Amino acid sequence: MPASPSTARAINDRLALRLLQQQGPLTAAQLKQQTGLSRPTVADLVDRLAASGLIQVVGEAGEQRRGPNAKLYGIVADRAHLAALDVRTEGVSVLVSDLVGRVLGEASVPIGGDTGTGHAVEQAVALVERVAKEAGADRLHTVGIGAPGLIDPATGELRDSGGLPAWHRRLVAVLQERLPAARVTVENETNLAALAEQRDGAARDRDTFVLLWLGFGTGAAVVLDGHLRRGASGGTGEIGFLPVPWTRGLPSATDCAGGFHSLASSAAITELAGRHGVTAPPGTEEPLGAGLVRAAVQAVSAGGAGAGDVGVVPAGVTGAGGAGVGSAGGAAGAGSAEGGAGAFLDALADRVALGVASVVAVLDPGCVVLGGEVGHAGGEELAGRVEERIRRMAPLPTEVRAGVLGGAAVLRGALLTAREAAQEELFAPLDR
């Protein structure tokens with residue numbers, strides 16, 4: 001059945017707004033060309049959207065083209081202000097933007113592990129309010145939060161977790177109380193990082209991929225056929241709990257010691273670097289694990305060190321007797337040798353490859369992005385080593401890429417989701 005006139009207008013308006021969102025300001029002639037609509041129809045929708053306060057004239061296409069069609073129309077950026085939060089165990093980062101995603105203010109505050117819940121929440125909320133005020137945002141329309149832990153798929157709320165600070169969960173409720181006019185949403189940090197890497201980073205050409213987060217902790221985000229997969233309880237990608245043989249036992253429901261986390265977390269990387277004699281330069285501002293990996297990559301690049309042979313068992317993973325464990329076919333390779341930047345990266349690649357191989361065997365994503373601060377610091381040097389190991393460990397062709405956005409991916413992903421939620425509401429067709 002043909003669409004009614006009001007439905008057709010709504011469809012055309014949404015199409016024009018989506019083009020302006022994705023491409024920036026356009027002239028009426030450009031809108032006509034890209035939508036395939038007639039000149040009168042485009043003129044009508046431009047008038048409607050301008051009258052609704054959604055678009056405005058933001059300039060002209062060129063001095064040689066005067067007249068109505070030379071006007072550049074763009075989304076009214078200050079129609080709504082957004083906030084994005086990256087909530088970590090050790091602090092929180094906040095940015096405020098306009099409706100088109102232009103950052104207007106940004107700041108961070110550390111929150112110590114001994115800080116009480118009430119004081120920690122107040123610090124975080126006060127930071128949001130301060131950044132919004134400094135950015136000139138009198139009212140926040142949407143707040144997107146990225147946090148570690150599980151998001152309940154039924155309620156959209158951060159679930160209680162004994163391993164995470166209590167103030168994380170309380171923060172969401174207090175923000176909603178202090179910002180009653182704002183829509184507050186929360187998403188797992190690794191999921192947000194994957195969305196950001198797909199939109200602006202290493203996975204821009206991929207509809208199916210897995211992001212392996214390597215930072216303070218470990219995690220994974222699964223994107224299949226363009227859709228983020230969260231699982232029945234919101235726990236898809238909790239790879240830190242993946243049991244790993246030859247570690248100090250099995251993980252439990254509340255502790256991932258003995259899981260993949262104990263091999264690839266920042267603390268584990270720091271310990272591994274120490275045994276290989278790798279140190280980070282003084283004064284580095286990035287997390288210690290990432291700084292150590294970056295220092296090793298720089299040393300290898302400067303010295304021309306190769307990747308070495310591929311180990312079978314991660315360096316430093318020991319059996320009950322404390323000796324390094326090899327496969328039935330032989331001992332571990334160069335990755336298990338002590339000392340040297342190249343050996344450290346080989347050992348780390350051995351460890352990371354265990355997590356990647358597990359993901360590949362189950363999901364066959366074709367592409368794994370090493371995200372987080374460590375994945376970004378390791379760059380192609382670490383990604384190449386991991387990919388080499390996966391070629392030997394798995395029959396499924398898999399490209400391993402270094403994340404482009406690093407730790408900033410969480411904040412970027414939170415902003416993207418806040419922006420899309422706000423635009424979805426504001427761009428909803430009006431009942432005309």
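This dialogue goes through a few features of a predicted model and how to read them.

Colleague: How many helices and strands does the protein chain have?

Modeller: Helices (H or I, at least four residues) and strands (E, at least two) are DSSP runs, numbered from the N terminus. The protein chain has 12 helices and 13 strands.

Colleague: How is the largest pocket read, and what is its volume?

Modeller: Rolling a probe the size of a water molecule over the atoms shows where empty space is left. On a 1 Å grid over the protein atoms alone, a pocket is an open set of points where a 1.4 Å probe fits, with protein on both sides within 12 Å along at least five of seven lines; lining residues have an atom within 4 Å of a point. A volume is the space filled by probe spheres set on the points, which are joined across faces, edges and corners. Here the volume is about 870 Å³.

Colleague: Which residues lie nearest the centre of the largest pocket?

Modeller: Pro148, Gly149, Leu164, Glu238 and Phe241 do, out of 36 lining residues. At least two lining residues come from each of β4 (81-88), α6 (189-200) and β10 (218-224).

Colleague: Is Glu373 buried or exposed?

Modeller: Buried means under 20% relative accessible area, exposed over 50%, and partly exposed in between (1.4 Å probe, protein chains only). Glu373, in helix α11 (residues 372-393), has a relative accessible area of 14% and therefore counts as buried.

Colleague: What is Glu373 in contact with, beyond its neighbours within four places in sequence?

Modeller: Contact means heavy atoms within 4.5 Å. The partners of Glu373 include Arg88, Trp213, Pro287 and Gly406. Its C-alpha is also 8.4 Å from that of Leu405, 32 residues away in sequence.

Colleague: Where is Asp225, and what is its phi?

Modeller: Asp225 is in the loop between β10 and β11 (227-229), and its phi is positive, about 50°, although Asp225 is not a glycine. Its relative accessibility is 59%, so Asp225 counts as exposed.

Colleague: How does Asp364 read?

Modeller: Asp364 is another non-glycine residue with a positive phi, near 50°. Asp364 sits in the loop between α10 and β12 (367-371) and, at 40% relative accessibility, counts as partly exposed.

Methods. Residues numbered from 1 in each chain as written. Predicted model: local features only at pLDDT ≥ 70, side-chain atom pairs only at ≥ 80, totals over all residues. Heavy atoms only, no water.
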